[in-house]
Structure formats: structure tokens, C-alpha cells
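Let's take a walk through this structure together, one selection at a time. Have your viewer ready and follow along.

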Amino acid sequence: MIRPALILALCAASAVTAFAQEPQSAPAEPRQPRGGEVRFGYLMQSLRRNSALEGSGTATGSGTIAGFEFLAQTDGLGVMARRSTGSTDGTGHGLEGDFISQEVRLMIGGRIFSVEGGVLERTGSHLNEETKVVVWRGGARSQWNLGGSGLVVKLGVGLLFSRLDTEGSAQFKGRGHDLDAMLLYQAPEGLPLYVLVGWHHERFDDLESTAPRWEEGSGPYLGIGVRLAPRLILR
Amino acid sequence: MHTYSPFWLRLLLALGAALGIGTPVAAQVVDPIQDLLDGGRQAYNNLNFRAADSIAMVALERPELRRSHRLQALQLAAAARYPESAGDQYADSAMSALRRYVRIAPTAPIARDLTWRGLDSLLAEARRTTFGASVSVPGTTAIEGVNGRVSFPVAATRPAHFALRVWRQGDEGPGELVDSIGPLELGVLRMAPVVSDFPRFASGNYRLQIMATDPTTGEQLNHVLRGEFVTPPVPLVEVPEQVDPNALLPERSRPNRVGSLISGGLVGGLVIASARLLRPVALADASVKPESRSVPIGVGLAVLTTAASWYLDRGKLIAPNVDANLRLLREFTARRSALMTENERLRVAYRGEVRLAQEEW
């Protein structure tokens with residue numbers, strides 16, 4: 001728990017640092033843009049997963065997931081929904097197979113810094129057995145514009161708590177955390193398009209099962225879509 | 001050439017003056033040449049053609065002769081030398097007077113009471129064979145508004161080039177070419193005393209020359225005018241061309257280079273660190289290597305973030321300053337528009353005057 005908290009603090013500190021402007025002769029002090037953001041786009045991630053199962057050694061898997069995400073955020077509230085599908089090849093531990101990921105988050109706070117909570121459902125199929133993981137997520141995110149360049153840095157961390165529902169088998173609990181680091185470029189005024197490139201890392205530990213399991217997944221992702229947001233204007 | 005003795009001249013003059021022939025009393029006092037010419041006209045009417053011709057020649061030698069006198073004298077001389085009575089006709093001599101007449105009055109007819117069909121034929125022949133040109137001197141022209149013009153109608157017996165040149169009194173040299181037209185028989189030379197809101201010729205005395213050139217023979221006729229120009233400066237108010245750049249506020253903040261560096265380092269560092277620090281210990285203990293792509297991708301994101309920001313960041317628009325500059329520009333535009341309107345009024349209200357007096361060809 002200490003590391004994610006440190007990262008969160010680091011995000012906040014970096015945001016403050018990045019917001020600081022060089023001295024200028026203008027009488028008006030520039031501030032970060034205010035106002036809402038609406039974004040809808042396509043997202044694709046190259047994913048690699050590692051797993052350690054007590055008594056069963058380790059396994060790896062890799063694949064690609066892709067889908068759509070929608071985000072709407074004002075200075076007070078926000079909502080984000082994402083749905084992606086994909087498949088991975090693996091060497092065991094159920095890492096291989098197809099899966100569907102659906103997630104909804106609610107955010108409280110401004111675009112610069114907000115806390116968020118949500119639920120994520122992952123449905124996997126492996127050897128004709130369907131597995132559904134419901135993950136509750138709480139976290140924080142920060143974003144800031146890099147001057148008037150149209151670039152936006154977005155950082156987010158979260159804590160994960162889950163239940164596993166397997167048809168005909170027992171439930172168990174797990175926890176973990178994730179991290180997102182992303183660079184988004186908003187096209188110049190009049191062209192509401194964006195592209196983004198980022199990195200996602202998550203870790204999930206299931207220590208309450210009879211056979212404890214540790215899992216991590218990470219990889220870069222690319223996104224493109226439509227985005228309506230104040231880009232350069234300072235109010 | 002037919003001449004009369006001074007005795008007969010004095011007699012005729014005395015008779016004319018005593019009888020008040022042809023002219024009002026006031027004119028007799030101020031215009032003795034006109035009295036003389038009126039006497040000549042009376043002699044012509046009395047069929048005393050020799051006397052009429054002699055009086056015309058005397059008048060032509062007077063130094064104070066005006067153009068109107070000269071025209072009358074030449075008409076009288078031509079008529080006296082080529083009357084209807086065949087025995088008194090001297091065609092060559094009459095043609096000589098008509099050529100002199102046509103040179104300065106190419107389109108003017110001979111007075112109806114002096115001419116007849118035969119003399120008109122001689123006049124037409126004189127026009128055909130003589131290059132003559134004239135200009136109508138406008139006298140005094142009021143310049144109303146900066147676009148006011150002074151016009152000089154010109155005429156010639158054949159198509160000719162006309163040029164108007166102006167010299168300041170006392171100046172030598174080629175003068176300033178103001179207008180030129182031709183070749184044509186009838187036209188108008190124009191002079192704009194004010195050009196681009198500035199008097200082309202400051203108030204003062206000038207000499208004007210209208211030169212007519214026969215393009216066939218190269219023969220030139222010059223008409224010289226004396227001019228007095230009253231052309232005060234156009235009292236325009238100054239209209240600024242652009243906003244004082246020092247009054248404008250900067251509309252963009254300075255690019256945040258430090259923020260770019262920190263952001264790039266943070267993004268790249270988090271990517272690399274996440275793959276190493278946030279992973280389960282069990283995986284590390286099992287010698288499962290951390291995500292190898294995190295390093296190149298982390299470095300790449302750091303470089304991309306910094307470089308793109310460095311390149312693309314021109315500073316943020318500062319809305320209050322943008323608004324303030326817009327207000328300043330609007331006020332400037334309105335003030336400039338008002339000044340321009342005032343100048344238009346002043347241009348229309350401008351008044352000047354050009355007084356011209358003619359000298360001889």
C-alpha cells in the first residue's frame with residue numbers, strides 16, 4: 001500500500017510543479033484550463049502477463065486487447081466507461097484464452113486532480129470454462145496540459161479488490177493495484193481529435209485461496225478518437 | 001500695304017471720339033485701343049477700306065494690345081483687304097492677316113458684319129494651311145475640395161499635342177509637367193492644385209505654359225499665363241496607422257520548458273518503475289523477468305513528452321490579455337474611423353483659388 005500512495009503523492013507533486021509558469025510580463029496569471037472534457041475513442045493495448053501459482057510455478061501470456069472508451073468530466077464530476085475484448089496466448093495458469101473487460105468509473109474532482117471509484121468485470125473463457133472476475137477499484141488521477149502545446153499528461157493509480165465467480169466453484173478474494181501513464185495530444189482548435197500513447201501496469205494478488213496466486217500485466221497502448229475540451233485558452 | 005498719314009489718322013480718331021462711334025462713354029475712357037478699333041470698324045462700314053486697314057495695323061503695333069484687341073484688329077484687316085467689291089480685294093494680303101488670326105484663334109469665326117462668303121472661303125483656306133492653337137483661360141477658378149481642378153480647354157486647326165507646364169515665379173528649367181493630351185483638335189488640359197492631400201503648388205505666383213505641337217511639322221505654339229495660386233495646406237488631423245505595439249499585452253505565456261522536462265521524466269520514470277517496483281515479490285523470486293518493453297517505452301515516452309512539448313508549446317493564450325487587446329483594437333479602430341471621417345469632411349471643406357491672366361502667344 002505504501003508504493004501506490006507514494007506514486008499518488010508524486011503525481012500530485014508533479015502536477016503542481018508542471019502547473020508552475022515562468023515569470024511573465026502579462027498582468028494576467030495563466031491557469032490551467034477549466035471546463036469539461038468529453039472523449040470517445042478507440043483503444044488498443046499490447047498486453048503481457050506473468051503469473052505465479054503456489055506449488056505450480058510460473059506462467060506467462062501475451063496478446064492484444066482493444067475496445068472503446070468514453071469519458072465525460074466536468075470540474076466536479078466525471079464518468080468513464082470502457083469495453084475491450086481480446087485474447088492471449090499463455091503457458092498455463094489460465095492466462096490463455098479469450099476475455100472481455102468492461103469497466104465503469106465515477107470521478108469526483110476537477111480535471112486536474114480527481115478521486116475515482118468504479119467496478120471492472122472481466123469475463124474469461126479457458127478450456128470451455130467461463131470465469132468472471134469482478135474488481136472494485138478506487139484511485140486517483142491527475143492530468144495537466146503541457147503549456148499551449150496541445151499535449152496532456154495523464155497519470156492515474158488505483159487499488160483493486162476483487163471476487164472471483166466461477167461457475168460451480170467457490171468464491172475468493174484478491175487485491176492489487178494499477179498504474180496508468182499516458183500522453184495525449186489534442187489537435188489544434190477546430191479539430192476535435194486526439195491521439196494518445198500510454199502505459200498500463202497492474203498487479204493482482206490472491207492470497208486467500210488455498211493456492212495463493214500472484215499476477216501482473218502490463219504493456220503500451222494507443223488510442224485515437226474525438227475529444228472536446230478547452231485546449232489552450234486560459235480563463 | 002495701304003497706309004494713311006498721321007494727319008488722317010488723327011482726324012479719324014478725333015471724329016470717332018467726338019461722335020462716340022460704337023462704344024459707350026465709359027469704355028472710351030479706359031480702352032483707347034478699343035476706341036481705335038471701333039473707328040476702324042466705322043471706316044469699314046463707310047467702305048473706306050484703306051482707312052480701316054491702316055487703323056487695324058496701327059492697333060496691332062500698340063504694346064498694350066490684349067488678345068481680344070488683336071483678334072478684332074486682324075479680323076478688320078482681313079475684311080478691309082478682301083471686301084465684296086472686286087476692285088478693293090487683295091487676296092494675298094488678306095490671307096496674311098487671316099493666317100495670323102488663325103494661329104491664335106483656330107476655331108473662331110470672323111464677325112458677321114465683316115465677313116462674306118469669299119472671305120469665309122479665304123478663312124477656311126487659312127485654317128487648312130496654317131497651324132494654329134488656342135486655350136480658353138479660365139480666369140479665376142475656385143478650388144472646392146481637394147479634388148478641385150482647373151480646366152484649360154484647348155483647340156487647334158489640326159490634331160496636335162498639348163502640354164501644360166508650371167514654373168514657380170523666378171524659377172528656370174523645364175518646369176513641372178502637369179498634364180498632356182493629344183494629338184487632338186479639341187481637348188481639355190487639367191491641373192489638380194492638391195494631390196494626395198498636399199498642395200502640389202504652394203501658395204504663390206507661377207508661370208504656366210501651354211505648348212501646342214503639330215506632330216506633322218514639329219511646329220510649336222506656346223501660350224504663357226501668369227498665375228496666382230492660393231493653396232493653403234489641407235488641415236487634416238493625424239490618423240494613426242496602427243496600434244501602439246507597446247500598449248498591447250502579451251497574449252501568450254512563456255513556454256514552460258521546466259514543466260516539459262519534469263513531465264517527460266515523470267512519465268518515463270513511472271513506466272520503468274512500475275514494471276519493477278510494483279510487481280509481485282513472488283514473481284521476482286521466481287526469476288520471472290520484469291516487462292522488458294518498459295525501458296524503451298518509458299524512455300521513448302519521456303523523450304516524446306519533452307520533445308513534443310518543447311516543439312509544440314508556443315505558450316498558453318492568456319484570455320484576459322487577449323480580451324484586453326481586442327478591446328484596445330476595437331477602440332483604436334473606432335477612433336481611427338472617426339478621425340478618417342473628420343478628414344473626409346475637411347477634404348470636402350477645403351477651399352483654394354487659382355487666378356490666371358494670359359500673356360500673348
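**A tour of chain B**

Start by selecting two helices: in α5(B), the residues B:Arg67, B:Arg70, B:Leu71, B:Leu74, B:Gln75, B:Ala77, B:Ala78 and B:Arg81 are in contact with B:Ser93, B:Ala94, B:Ala97, B:Leu98, B:Arg100, B:Tyr101 and B:Ile104 of α6(B). Colour this contact by class and you will find nine nonpolar, two polar and four charged residues. Keep in mind that you are looking at a predicted model.

Now show both helices whole, residues 67–81 for α5(B) and 91–104 for α6(B): their axes come within 8 Å and cross at roughly 155 degrees. An angle over 145 degrees counts as roughly antiparallel, so that is how α5(B) and α6(B) lie to each other. Their crossing is left-handed.

For the last stop, bring chain A into view: 42 of its residues are in contact with 44 residues of chain B. On the chain B side, at least two residues each come from α8 (257–277), α9 (281–285), α10 (294–312), β9 (317–318) and α11 (319–349). Select α8(B) here, as it gives the largest share, eleven residues. By class, this side of chain B has 25 nonpolar, eleven polar and eight charged residues.

Note on methods:
Residues numbered from 1 in each chain as written. Chains lettered and ligands numbered in written order. Predicted model: local features only at pLDDT ≥ 70, side-chain atom pairs only at ≥ 80, totals over all residues. Contact = placed C-beta atoms within 7 Å. Helix = DSSP H or I, 4+ residues; strand = E, 2+ residues; numbered from the N terminus. Nonpolar A, V, L, I, M, F, W, Y, C, P; charged D, E, K, R; others polar. Axes fitted to C-alpha atoms, helices over the stretch in contact; angles between N-to-C directions. Parallel < 35°, antiparallel > 145°, perpendicular 65-115°, else oblique. Left-handed = near helix turned anticlockwise from the far one by under 90°.
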